[in-house]
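Here is a short briefing for a first look at this model. Keep the sequence and the structure side by side while reading.

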Amino acid sequence: MKTRITELFGIEHPIIQGGMHYVGYADLAAAVSNAGGLGIITALTQPTPDDLAREIARCREMTDKPFGVNLTFLPAVKPPDYPNYVKAIVDGGVKIVETAGNNPAKWLPGLKEAGIRVIHKCTSVRHSLKAESIGCDAVSVDGFECGGHPGEDDVPNMILLPRAAEELTIPFVASGGMADARSLVASLALGADGMNMGTRFIATKEAPVHEKVKQALVAASELDTRLVMRPLRNTERVLVNAGVERLLEKERKLGADLKFEDILPEVAGIYPKVMKEGDIEAGAWSCGMVAGLIHDVPTCKELIDRIVGEAEAIIRGRLDKFLAA
Ligand SMILES: Cc1cc2nc3c(=O)[nH]c(=O)nc-3n(C[C@H](O)[C@H](O)[C@H](O)COP(=O)(O)O)c2cc1C
C-alpha cells in the first residue's frame, strides 16, 4: 500500500505504533518497524536522556528500518530535561519524532535542522491546523475513542477524521479505536493516509509488558474503559479496575473541589506496577475502547500482515462488489 504517509516516513505499510509509557521500548518499536510499520520509542519512559540514547542504540541493533521517538509534553511540576532528550534523539540519528501533549513549536527548529520529520498527535481540528501552520510534516488525529488523553472535545473519529480531511493539507493518520483491516480501510475512506494504533500493539508477543496486561486487554470489552481526571481538564481513558473505581469515587465525592493531590495514589507511579509487575488493578493506566476488538496476542508481523492482507481483500472483494452490483 502506498500513501503519503508511507512516502513521508519511508515505510512499507501505513501503520504506526503510537508512543506508550512503559510499553514503547526498543523491543516493540523494532518489531513494528521490522514488520513494515513505524515503531516508536517513548522518550520519557527512559529515566534520563542518556538512557534514551542507549535505547535508540539498542533499537538500531534490532532493526535497520526507520523508527521514531515519541516526545510527550504534559503538565509537570518539575519538567523533564527536554533539551537533552531532544539532543539524544538528534545525536542518535533518529529521523522521525512523534510529538504530543502540547504545542511543539519551541522544539521544531532544532528537529528540522537535523532533518527530522515531525508528526504531531492532536485531538482536534484546530490543533491539527496549528500543527500544520507551525511546520509539522503530518498529524496523528486522535479521536474520543482513543486510549490515553482524548482531550476535552469528545468528538469521535467518524466525525473528527472527515473534518480533519476537509481542513488539512498535510497528511494525517487516524488514531484511536484502530485495530484491524476494517480500521485501516475506514481510515483511508475517511480521508486519512494511514492509521496509528496504541492499545492493539500492547497485546502483541513483542510488547515488553507483563502477560497479565495482554490478557486483560483480550478479556476486556468495549464497555470496560472509563474517563478519569475530567474535573482537572486532563481527561484520560483508562481500563476500569479497583484503583480506577476508587479514583472515580473520589471524583464524585469531591466534585469541583478535586485536586491532583487527592488522586495521587491512583495515578502516580502506576505504570511500572502495571506493566512490569502485572499489578493490573493498581490504578489508572491508559486503554482504548478498542480493547473490545482485541481477541488474541499475535506477533507484530502477524498482526500487520493480517491487517494489510485483509485490507486488500476488503477493498478488492467486499467494496468493489458494491460497485458491480
Ligand atoms: C498504555 C498507553 C500509554 C500511552 N502513553 C502515551 C504517551 O506516553 N505519550 C503519548 O503521546 N501517547 C500515549 N498513549 C496514546 C497512544 O500513543 C495512542 O495515541 C492511542 O493509544 C491511540 O488510541 P488506541 O489505544 O485506541 O489505539 C498511550 C496509550 C496507551 C494505551
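In what follows, Ala, Val, Leu, Ile, Met, Phe, Trp, Tyr, Cys and Pro count as nonpolar, Asp, Glu, Lys and Arg as charged, and the others, Gly among them, as polar. By that count, the shell around the ligand holds 9 nonpolar, 16 polar and 4 charged residues. The model is predicted: local features need pLDDT of at least 70, side-chain atom pairs count only at pLDDT 80 or more, and totals for chains, interfaces and linings use all residues. Residue numbers start from 1 along each chain as its sequence is written.

**Ligand shell**
- The ligand is surrounded by 29 residues, where a residue is near a molecule if its C-beta atom, placed from the backbone, lies within 6 Å of it.
- Gly18, Ala100, Gly147, Gly198 and Gly288 are the closest.
- Strand 3 (67-72), strand 8 (195-197) and helix 9 (199-202) each give the shell at least two residues.
- Helices (H or I, at least four residues) and strands (E, at least two) are DSSP runs, numbered from the N terminus.

- An open sheet is built from 8 strands in the order 1-8-7-6-5-4-3-2, with parallel pairing; two strands pair if DSSP finds at least two bridges between them.
- Strand 1 (15-17) and strand 2 (39-42) are at the edges with a single partner strand each, so one side of each lacks a neighbour in the sheet.
- On average, neighbouring strands of this sheet are turned by 30° against each other, direction ignored.
- Strand 1 and strand 8 pair in the parallel sense over 3 bridges.
- Ile16 has Asn196 of strand 8 as its bridge partner.

**Helix packing**
- Helix 6 (residues 125-134) packs against helix 7 (residues 157-167) at about 35°, with the axes 10 Å apart.
- Axes are lines fitted to C-alpha atoms, for helices over the stretch in contact, and angles run from 0 to 180 degrees between N-to-C directions.
- Val125, Ser128 and Leu129 of helix 6 meet Arg163, Ala164 and Glu167 of helix 7; contact requires C-beta atoms, placed from the backbone, within 7 Å.

**Backbone notes**
- Tyr22 has a positive phi of about 60° although it is not a glycine.
- Tyr22 sits in the loop between strand 1 and helix 2 (26-34).
- Asp154 also is not a glycine and has a positive phi of about 60°.
- Asp154 lies in the loop between strand 6 (138-142) and helix 7.
- Most residues other than glycine have a negative phi.

Terms used:
Contact = placed C-beta atoms within 7 Å.
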